[in-house]
Amino acid sequence: QRTLDSPGDVNPEANLPVAQLPESGETLHCLLTFVFPVTPLMPSTPEDTMELLSVAQKYQMGSVLTRIRATIAQQNSLPTGLEPALHNYALAQKYGLLPEALQTARIILNYPMNIEDFDNKLDIMPGASLYELWKYHERVRAILGSDLAEFRMSRARSTSTGFRCTELSFFQIPSWLDDYIESIGNAPHLFDSAELNIAMVRHVKDKANDPDCECASVPSQTIRDLWKALASIVHGSLEKAASALCLVREQDDPEVQIHPATSPLELFDVPDADLIIRSSDFVDFRVHKPVLAMASPFFKDLLSLPQPSDSEIVDGLPVVQLPEGSELLNSLISIIYPVCTATPKSYEKVLYLLAACQKYEFASVQSSIRAKVKLGEFPVPRGVEAFSAYAIASGKGLIPEMENAARQTLDHPMTFEVLGEGLGLFEGWALRDLVNFRRRCVDNLVACLDLFLEALPPGPSSAWVGCPESGSRRRRVLPKWLDQLLIQSQNDLKLQKFTDPLVIHLGIRGEYLKSLQTHLHCEVCLEALLTRCSTFCTELENKLEQARDKVTHSFYLSTTRFISRMYVVIAGLTLI
């Protein structure tokens with residue numbers, strides 16, 4: 001065994017200072033290759049690359065950050081497809097990299113920006129990041145629309161002098177070209193030379209018999225000059241809109257933001273209390289240990305723990321610190337005790353109250369709250385509030401409320417405009433599941449209408465067989481007016497025009513009677529009207545409702561997703 005008696009035996013690294021960093025060895029290895037004069041080493045995955053950039057940014061290594069970005073640019077590793085672009089945008093948001101977020105946001109501009117068109121890509125990022133992406137998209141549209149309007153009014157005519165067309169717009173340029181330029185402002189993804197060529201070919205085809213239209217023989221240099229001018233406008237607009245994209249910052253749980261009381265609470269007096277529950281905004285509630293223990297297995301176990309010697313005592317009572325606000329705790333305790341209930345002021349607050357009951361295992365209190373909602377004693381979601389209700393319920397694992405809110409969203413289109421800031425409440429997986437649920441509802445309703453389009457006995461539409469003005473489709477036994485009505489209803493559903501039971505009753509019956517009014521001269525249909533009108537409409541309405549209600553909201557609730565981080569301090573003891 002060797003000893004370290006002589007200086008020559010001392011390990012030269014033994015006396016070096018050590019800096020402990022949280023990053024992995026692989027990330028730090030790559031980082032150091034950009035610090036020292038060696039061959040730079042890039043990570044193998046986009047996520048590791050974003051993490052490398054974030055580490056250089058974190059430690060304020062400006063020159064290293066520049067070198068890494070230059071290497072990425074040389075490798076031309078930016079994605080071009082929608083899904084990889086969304087992944088990179090989500091990673092850039094996650095790691096706080098604004099230049100990379102902006103680069104990928106511009107790539108995403110090449111695709112239509114509709115929630116339901118994103119299909120199963122919605123779980124790539126949280127709703128807050130998607131909301132920022134949409135706001136950037138809208139800002140680009142606004143600036144681009146304004147700049148292109150100016151271009152059409154002042155410069156487009158001089159740029160398109162090589163076009164000899166018989167149909168000119170107000171700005172004295174070919175109408176087809178004016179329409180195309182205007183369309184870019186509404187849908188930036190149409191800024192593509194292929195789209196310009198398609199628009200011109202379509203126009204040339206329409207004017208094939210017009211000898212005065214010479215658009216088919218436009219010089220290629222004229223088209224190149226036009227495209228160059230358009231590209232200059234678009235790129236300038238993108239530069240103006242760069243400041244519109246923001247990074248998503250870490251946000252507190254909305255529960256914390258929404259529940260502090262805005263006005264003094266009327267706390268009820270509890271005699272002979274032996275415990276203080278303290279809210280996050282430092283309001284003390286005096287309660288009884290046996291009451292909490294009876295209502296909640298969680299508190300029963302908690303209160304059975306020994307009290308630490310350094311615990312906080314107020315008026316001789318131990319203190320339990322909870323992360324919920326005073327308004328929520330006031331409602332919760334007022335339901336536990338036989339006093340006047342402190343009714344939550346909104347359905348969102350009802351949801352957070354239910355979540356607290358679930359968290360602390362107040363099962364009977366949770367059931368009582370749900371009963372009050374059903375009876376109308378507590379607020380219920382109204383209109384588009386169903387979307388935010390779904391987001392909160394899914395985030396808190398409130399399955400009945402999640403199911404109910406998902407069905408209520410069917411009354412409204414699911415667009416960025418409708419969701420607005422409420423999009424920030426969604427996790428990506430919840431947004432994806434809601435879109436899929438809505439799509440399954442549409443499929444079921446369309447299939448239900450298919451049954452009514454089949455008129456062979458004993459089908460529900462068999463009473464209409466025999467109309468001399470049957471449709472010309474393969475279902476020829478149906479009257480044309482009924483065939484068209486049912487097919488139009490299917491098309492509306494495919495366009496996501498969702499309806500609730502009330503609208504089904506008022507809508508399908510009203511449209512049915514309206515269509516039938518134009519066909520009362522037919523004796524066959526008139527007889528069917530007198531004998532089957534009421535029962536046919538009722539059956540149609542009932543079948544549509546059953547088809548919609550048959551769809552269950554299939555969701556995946558990971559157990560780890562809803563493990564609450566409960567920091568409960570009782571007399572100095574912290575439970576996690």
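Predicted model: local features only at pLDDT ≥ 70, side-chain atom pairs only at ≥ 80, totals over all residues.
Let me begin with Ser 461, which is buried, since its relative accessible area is 0% and buried means under 20% in a calculation with a 1.4 Å probe on protein chains only. Residues are numbered from 1 along each chain as its sequence is written, and side-chain values use heavy atoms, with hydrogens and water left out.

Ser 461 sits in the loop that runs between helix 20 (428-453) and helix 21, where a helix is a DSSP run of H or I with at least four residues, numbered from the N terminus. The side chain of Ser 461 reaches the backbone oxygen of Phe 452 at 2.5 Å, and the C-alpha atoms of Ser 461 and Leu 478 are 7.8 Å apart, although 17 residues separate the two along the chain.

Rings of Phe, Tyr and Trp (for Trp, the six-membered ring) pair if their centres lie within 6.5 Å, and planes under 30 degrees apart count as stacked, over 60 as edge-to-face and the rest as tilted. The whole structure holds 13 aromatic pairs. One of them is the stacked pair of Trp 134 and Phe 416, with 5.5 Å centre to centre and 10° between the planes. Trp 134 belongs to helix 6 (residues 127-154) and Phe 416 to helix 19 (residues 416-419), so this pair ties together parts that are 282 residues apart in sequence. Phe 416 counts as buried at 3% relative accessibility, and Trp 134 counts as buried at 12%.

Phe 452 and Phe 536 form an edge-to-face pair, 5.9 Å centre to centre with 80° between the planes. Phe 452 lies in helix 20 and Phe 536 in helix 23 (residues 523-549), so the pair ties together parts that are 84 residues apart in sequence, and both residues are buried.

Finally, the cavities. Which helix gives the most to the lining of the largest cavity? Helix 14 (residues 326-336) does, with four residues. The lining also includes Phe 299, Tyr 360 and Phe 362, and ring pairs link these three and Phe 298 into a cluster. About 60 Å³ of space lies in this largest cavity.

Definitions and conventions:
Helix = DSSP H or I, 4+ residues; strand = E, 2+ residues; numbered from the N terminus. Buried < 20%, exposed > 50% of the residue type's maximum accessible area, 1.4 Å probe, protein only. Polar contact = N/O pair within 3.5 Å; in protein donor to acceptor, adjacent residues only side chain to side chain. 1 Å grid on protein atoms, 1.4 Å probe; cavity = no way out; pocket = protein on both sides within 12 Å on 5 of 7 lines; lining within 4 Å. Points joined across faces, edges and corners; volume = space filled by probe spheres on them.
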